[in-house]
Amino acid sequence: MTDTALMPIPGQIDPVPVARDITPREDGRVDLIGLPKLRIAELFAQAGLDPKQAKLRAKQVFHWLYHRGVTSFDAMTDIAKTMRPWLSERFVIGRPDVVEAQHSTDGTRKWLLRTADGHDFEMVFIPDADRGTLCVSSQVGCTLNCRFCHTGTMRLVRNLTPGEIVGQVMLARDALGEWPKGRMDFAEAEGADADEEETAEYTADGRLLTNIVMMGMGEPLYNFDNVRDALKLVMDGDGLALSKRRITLSTSGVVPMMERCGEEIGVNLAVSLHAVNKEIRDEIVPLNRKYGIEQLLEACAAYPRASNARRITFEYVMLKDRNDSDADARELVRLIKHYKLPAKVNLIPFNPWPGAPYECSTPERVRRFSEIVFEGGISAPVRTPRGRDIDAACGQLKTAAEKKTRAELDRLAEEKQAALG
Ligand code: SAH
Ligand code: SF4
């Protein structure tokens, strides 16, 4: 066990303290996954390499870790054989532990993962005809208590580290067999068996995993630094090399962090709106009591780099008789137009969980709602539920062990409220 124990929930709307980038292991070795090139070079220098060597080795190791996905220093064929044991005595190449992997009949895959200190979180892969989307978690649990969301009912919360976040993408590439083959052009031939390498380079074509959405467990903007650092590794051309255009971060509306998200990460933004008036949104997304709809939409209008080519996605979960009337749909159109937002709307049929206080809108209601928004000039596709047989709906991640009664959920919600003080 390491010292990253779970903390009690600090309150419904307060950020969870940020974990450190390095989690020391029991055997004293350091996990390199989650660290940027410069940090790896620093560690190599601290371990005794001269600065120039440290920088060169860090560059090589970085490429092997993030671009090629190797899980052993022995596989780093352009690093001298004598150097490899030096690395493996001091460092490890970690992955989250897989507790369970499920495969749906529709191709959706879900993993229950475990951190080194024993906390479970989930990841989902959703293949489509033209893309494959990995739904990544940013926290174990969530402090925000949205009433329709199962994650919000979890008792304890901790931020995932950059390594645990980027580790999900790496694990998915392991599972899908999608690491590129080929050698880096700065490969150092001396003392290395570089001729083992093929020269095929990494291409974007024909891959299964093409998109990432930060829509798993947790509120990514309450774990901003770690999410940013992880996504930088995902976007790094010498790292996982996924374009920022293919990454979407979903927030329930942490207004003060949205500008930084655009500036420092630069990925697409999705906003979990779910309601168009204060009363209902206060109930469904309690963060609304802190950052209201107007403030949220102003932050959307100011989101760096939003344009018609890069529209903001508004997520709208369809809850029977709560937020699904014709008037709600028209108000949604009015708001988006009023703030002149380059926007699209994703209508998400509510995915019920045991004890949930809502029902899903009828298919006819969802269709009508979608039509009204569409007639208002805004695209509003209905997200088809996927992986229902394995309970894998993205954003409704849960484990069977987590099933609770409504009474228990209410009690937990009260405990969380009490923690607010
Ligand atoms: N915390 C962030 C990202 C994770 S939630 C956020 O709230 O945006 C990702 C998406 O899944 C959100 O739009 C959320 O509203 C949705 N979601 C959560 N529970 C759901 C459920 N039971 N049925 C349908 N969608 C759900
Ligand atoms: Fe947290 Fe998002 Fe779930 Fe709300 S919908 S509780 S912000 S994970």
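The model is predicted, so local features need pLDDT of at least 70 and side-chain atom pairs count only at pLDDT 80 or more, whereas totals for chains, interfaces and linings use all residues. Residues are numbered from 1 along each chain as its sequence is written, ligands are numbered from 1 in the order in which they are written, and side-chain values use heavy atoms, without hydrogens and water.

Select the protein chain. It holds 11 helices and 13 strands, taken as DSSP runs (H or I, at least four residues; E, at least two) numbered from the N terminus. Of its 421 residues, 57% are buried, that is, under 20% relative accessible area with a 1.4 Å probe, protein chains only.

Next, select residues 51-68, helix α2. Its 18 residues should span 26 Å at 1.5 Å a residue, and the end C-alpha atoms, 25 Å apart, agree with this; the expected span is 1.5 Å times one less than the number of residues. Just after α2, Gly69 has a positive phi of about 75°.

Now display the buried side chains of α2, among them Phe62, Trp64, Tyr66 and Arg68. The buried residues of this helix pack against α1 (37-46), α3 (83-90), α4 (162-176) and α5 (224-235).

Finally, select ligand 2. Around it are Cys142, Leu144, Asn145, Cys146, Cys149, Gly152, Gly218 and Ser252, each with a heavy atom within 4 Å. This shell has four nonpolar, four polar and no charged residues, with Cys counted as nonpolar and Gly as polar.

Notes. Buried means under 20% relative accessible area, exposed over 50%, partly exposed in between (1.4 Å probe, protein chains only). Contact means heavy atoms within 4.5 Å.
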